[in-house]
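I'd like to walk you through one model today, so let me put it up on the screen.

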Amino acid sequence: MKTWKLWSLGAFWAMGVACGGADSFPLELQGCRVDVPNSCGVGERCIARGPGATEGLCQPLTPSNTCGMDAFVCGTQCCNKTTQVCNAGSCGPQTPGGCVAGQTVCGAECCEAEAVCRADKTCQTQTTSAPGPTIRGILPTEARFGEMLFIVGENFSKDLEGNTVYLGDCKVSPGNINSASEAVIGIIVPPNADCTGRVRVTTTRNGTSKTATSSDTFQYLLTATVSTFAGSTYGYSNAAGFSAQFRNPNGIAIAGGNLYVTENHRIRGVTSEGVVTTFSGSTNATTSGGYAEGTTGARFHSPEGITMDTSGNLYVADADNHRIRRVTPGGVVTTFAGTSTADFRDGPRTGTGAARFNQPRGVALDADGNLYVADTSNHRIRRVSSTGEVTTFAGNANGDYADGTGTDAQFRSPEGIATDADGNLYVADTGNHCIRKVTPESERAVSTVSTVAGLCGTPGNDTGIGTAARFSSPRGIAIDEDGNLYVADTGNHCIRKVTPESERAVSTVAGLCGTPGNDTGIGTAARFSSPRGIAIDSAGTTLTLYVADTGNHRIRKITLE
């Protein structure tokens with residue numbers, strides 16, 4: 001650096017104070033001449049001591065210490081505005097090579113990837129993110145495991161891993177996303193029965209995620225294999241499989257792989273291998289209905305709904321005896337609640353002033369040991385508490401339709417009934433052709449009745465969401481661990497499924513609704529005839545339904561995959 005002889009040290013000090021304090025010009029700064037180019041070192045500029053002065057001090061370049069009309073400050077350098085850019089504090093050539101990877105040249109600047117070059121050749125960081133995805137449609141709207149599904153829309157990620165796809169409540173694994181463009185995502189339908197519902201796509205760009213939901217509902221078609229588990233023609237015969245005979249089987253329950261079936265004034269047992277025996281009731285082939293307690297001499301009259309407690313006791317809706325019967329694991333039959341009189345009365349389940357029922361057809365237990373009864377001809381849901389009191393849980397004497405609370409709600413000849421893990425009741429409201437829900441008192445001051453699926457009062461066989469679907473005299477109902485309802489849609493001769501209430505999508509699992517028959521096969525290729533009872537076996541890796549196929553006098557097995 002060149003050193004120029006200047007005024008005295010005192011003059012330097014006086015100038016520093018005049019310009020803003022003793023620290024304005026530290027003593028180590030070198031003197032320079034303004035009119036001599038490069039009189040200071042690299043990264044420095046000669047600052048005149050006053051207006052018109054040709055002498056000054058060398059000072060580091062700063063933004064406030066301008067580089068002149070044709071240059072700009074870059075770190076400690078002055079860059080030429082016409083030929084250079086500033087990159088990481090150093091002047092570089094104003095060419096693409098003058099910016100690092102991911103940057104672009106913008107006049108005298110290098111713009112970062114997330115910035116744009118404005119018209120005045122300055123960089124501006126983008127404040128608006130990329131538009132989110134939009135779903136225009138899904139093709140097809142229903143498919144089975146392994147089939148292709150296309151989601152059509154806009155602004156999807158072209159990167160397969162940039163899209164997260166849900167079908168209903170099931171997440172599609174990245175390996176099942178087959179292709180992706182901004183307009184179409186192709187997926188292979190995964191093996192998951194929870195995949196019925198609306199389609200959701202979440203795209204992620206630059207750390208920002210946005211989600212779109214379809215207006216259409218995707219219907220996952222179960223691969224339902226229907227076979228005959230036991231029974232053949234109308235009659236009475238204890239034997240294995242197809243050699244056995246039933247007469248209009250009704251209710252069905254399962255425990256430990258064994259089935260219990262109500263039919264022709266008896267309770268039949270069916271082992272997991274399909275061997276049929278008479279568990280309780282008369283063994284006379286031509287027996288007629290009756291009433292008697294005991295073991296081998298016990299009698300029933302048109303028993304229908306059946307369920308089992310954790311101790312192995314069976315509870316049977318003995319419809320034409322107007323009683324609820326209990327059968328121990330040893331086969332001892334007693335009256336659990338009700339009398340021989342077809343009537344309505346709340347009270348103790350037995351003894352003086354005992355409660356009365358009128359053709360009860362459905363029973364279900366909750367986790368607390370309370371028994372719920374579909375009191376069919378009284379159009380009510382009754383509860384037999386674990387302490388032995390019978391009360392009206394919901395409904396009144398008017399056989400009609402009304403959602404509401406407690407006895408303000410109305411049913412019409414309800415039959416099937418099931419409880420979930422939270423104590424909610426689901427009722428096949430047979431005379432109203434719909435599925436109802438009764439919320440327990442533990443959640444609200446009184447029980448609340450609502451409609452889950454079907455348009456009450458209007459029969460039909462449409463699939464759809466909630467009240468857009470249709471049933472015809474549904475009787476049997478069961479619920480799986482995921483909250484899906486399976487319904488024996490008796491008047492339609494088919495088995496239906498209702499997804500949990502977040503979707504309430506109604507589909508056909510097996511049978512061709514509206515067409516009776518006795519064919520085995522896959523899904524709608526199979527046929528049923530007025531099925532009534534239904535039970536779920538969730539043991540193992542597949543879900544299995546057992547159906548009392550009443551009109552065909554058989555027990556059918558449906559394997560769902």
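I'll go from the whole chain to the strands, then the cores, and finish with a few loops.

Two bits of housekeeping. This is a predicted model, so local features need pLDDT of at least 70 and side-chain atom pairs count only at pLDDT 80 or more, while totals for chains, interfaces and linings use all residues. Residues are numbered from 1 along each chain as its sequence is written, and side-chain values use heavy atoms, with hydrogens and water left out.

How many helices and strands does the chain have? One helix and 48 strands. Of the 561 residues in the chain, 48% are buried. By buried I mean under 20% relative accessible area; exposed is over 50%, and partly exposed is in between, using a 1.4 Å probe and protein chains only. The chain exposes about 24,300 Å², and carbon and sulfur atoms supply 48% of that; the areas come from Shrake-Rupley with a 1.4 Å probe, and for residues only the protein chains shown count as cover. Then contacts, meaning heavy atoms within 4.5 Å: among those between residues at least 6 apart in sequence, 42% join residues at least 24 apart.

On to the strands. Quick reminder: strands of a sheet pair through backbone hydrogen bonds, either parallel or antiparallel. Here, two strands pair if DSSP finds at least two bridges between them.

Have a look at the open sheet of four strands, in the order E22-E23-E24-E25, where the pairing is antiparallel. Which strands sit at the edges? E22 (252–255) and E25 (276–280), each pairing on one side only. From one strand to the next, the twist averages 30°; the axes are lines fitted to C-alpha atoms, for helices over the stretch in contact, and angles run from 0 to 180 degrees between N-to-C directions. Within this sheet, E24, residues 266–270, pairs antiparallel with E25 over four bridges, and isoleucine 267 stands opposite serine 280 in E25.

Now go to E18, residues 184–188, which runs antiparallel to E14, residues 148–154, with five bridges joining them. In that pairing, phenylalanine 150 faces glycine 186 in E18. E18 also pairs antiparallel with E17, residues 177–180, over three bridges. Alanine 180 is opposite isoleucine 185 there, and E17 and E18 make a hairpin with three residues between them.

Next, the cores. A nonpolar core is a set of buried Ala, Val, Leu, Ile, Met, Phe, Trp, Tyr and Cys residues joined through side-chain atoms within 4.5 Å. The largest has 38 residues, and those touching the most other members are Ile151, Val165, Leu167, Phe218, Ile495, Ile558 and Leu560. Apart from that one lies another core, of 14 residues, including Ile435, Phe471, Ile479 and Leu485. Back to Phe218: leaving aside neighbours within four places in sequence, its contacts include Ile138, Pro140, Leu149, Leu167 and Val199.

Pro140 brings us to the loops. Proline 140 lies in the loop between E12 (134–139) and E13 (142–144), and a cis peptide bond joins leucine 139 to proline 140, with omega about -10°.

The loop between E21 and E22 holds asparagine 248. Phi of asparagine 248 is near 50°, a positive value in a residue other than glycine, and at 33% relative accessibility asparagine 248 counts as partly exposed. Its backbone oxygen lies 3.4 Å from a polar atom of the asparagine 250 side chain; a polar contact is a pair of N or O atoms within 3.5 Å, and within protein one must be able to donate a hydrogen and the other to accept it, with residues adjacent in sequence counting only if both atoms are side-chain atoms. Is asparagine 250 buried or exposed? Buried, at 13% relative accessible area. Beyond its neighbours within four places in sequence, asparagine 250 is in contact with residues including Pro303, Glu304, Arg532 and Thr550.

Serine 302, in the loop between E25 and E26 (303–308), also isn't a glycine and has a positive phi of about 60°. Serine 302 is partly exposed, at 22%.

Last stop, serine 472, in the loop between E40 (464–465) and E41 (476–479). Serine 472 counts as buried at 15% relative accessibility, and not counting residues up to four places away in sequence, it touches residues including His433, Pro459, Asp489 and Asn492.

How values were computed
Helices (H or I, at least four residues) and strands (E, at least two) are DSSP runs, numbered from the N terminus.
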